[in-house]
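Please have the sequence and the coordinates at hand.

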Amino acid sequence: MASKGVRVTGTDGSDFEHRETVAGRYKSSIAFKGKLRWGIYAHIALYLIMTGKMFNDFLDRFDILIPAVAELAIPKPLTWEYVWMASLVPSLFGLASLNRNRNVFLHVFIYGTILLGIFPVLAGTASWSTALLDYYNDHRSTKDRFMGQPTVVLWFIFFALALEVHGYCLYCAFNLRKAWDKTFKTK
């Protein structure tokens, strides 16, 4: 808190080097915690979009018929979609790791995001790659459409967003792990 009044005589304010400063690892920890939190929120938004896509399949499994949803003719989910839906669990561990710098939870988030987030998206990219090439060669050849748009293009928009979000979250998590490891070693 700044004091009111006259400055001490004999100083011009340049004698600040001896004062305490916050270590860089603490500053980066705070910064990357906020960034990781927003990245996980973006992942949850993608998760809600995928839940909306798979809603018809969930209704079919419980023998519930809603005519408005059935008319949309949403294609059945593939195996990689179910695996990707499980990537919410590591994201919850990631959020839980931020409160008290829990390094174990952060490791669960990192490995879970790689296994349940990135690998299924890469598998989905591989499974839709031939359809993308067919669409690229002949724009009218695709029969699968959702609300007038070709599903292959919608899938690749999803793949790009998911890979970007997962990559960003992993970047933040690795930087947090580095900052937390330095913090724990100095104590």
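## Helix α4 and its buried residues

In α4 of this predicted model, the buried residues are Leu88, Pro90, Ser91, Gly94, Ser97 and Leu98. Buried means under 20% relative accessible area, exposed means over 50%, and partly exposed lies in between (1.4 Å probe, protein chains only). Helices (H or I, at least four residues) and strands (E, at least two) are DSSP runs, numbered from the N terminus.

Residues are numbered from 1 along each chain as its sequence is written, and side-chain values use heavy atoms, with hydrogens and water left out. As the model is predicted, local features need pLDDT of at least 70, side-chain atom pairs count only at pLDDT 80 or more, and totals for chains, interfaces and linings use all residues.

## Packing of α4 against α5

Two packed helices are described by the angle between their axes and the distance between the axes. Helix α4 (residues 88-99) packs with helix α5 (residues 103-137) at an angle of about 155 degrees, and the axes are 8 Å apart. That angle makes α4 roughly antiparallel to α5. Axes are lines fitted to C-alpha atoms, for helices over the stretch in contact, and angles run from 0 to 180 degrees between N-to-C directions. Angles under 35 degrees count as roughly parallel, over 145 as roughly antiparallel, 65 to 115 as roughly perpendicular and the rest as oblique.

The crossing of α4 and α5 is left-handed, that is, the near helix is turned anticlockwise from the far one by less than a right angle; clockwise would be right-handed. On the α4 side, Pro90, Ser91, Phe93, Gly94, Ala96 and Ser97 are in contact (heavy atoms within 4.5 Å) with Phe105, Leu106, Val108, Phe109, Gly112, Thr113 and Leu116 of α5. The residues of this contact comprise 8 nonpolar, 5 polar and no charged. Ala, Val, Leu, Ile, Met, Phe, Trp, Tyr, Cys and Pro count as nonpolar, Asp, Glu, Lys and Arg as charged, and the others, Gly among them, as polar.

Asn101 lies in the loop between α4 and α5. The phi of Asn101 is near 55 degrees, a positive value in a residue other than glycine. With a relative accessible area of 21%, Asn101 is partly exposed.

## Met54 and Glu81

Met54 belongs to helix α1 (residues 24-61) and counts as buried because its relative accessibility is 0%. Not counting residues up to four places away in sequence, Met54 touches Pro77, Glu81, Tyr82 and Met85. Met54 and Ile74 are 20 residues apart in sequence, and their C-alpha atoms are 8.2 Å apart.

Glu81, one of these contacts of Met54, lies in helix α3 (residues 79-85) and is buried at 1% relative accessibility. The Glu81 side chain makes a polar contact with the side chain of Lys53 at 3.0 Å. A polar contact is a pair of N or O atoms within 3.5 Å; within protein, one must be able to donate a hydrogen and the other to accept it, and residues adjacent in sequence count only if both atoms are side-chain atoms. With residues up to four places away in sequence left out, Glu81 touches Met50, Lys53, Met54, Lys76 and Trp155.

## Chain totals

The protein has 6 helices and 2 strands, in the order α-α-α-α-α-β-β-α from the N terminus. Of its 187 residues, 33% count as buried.
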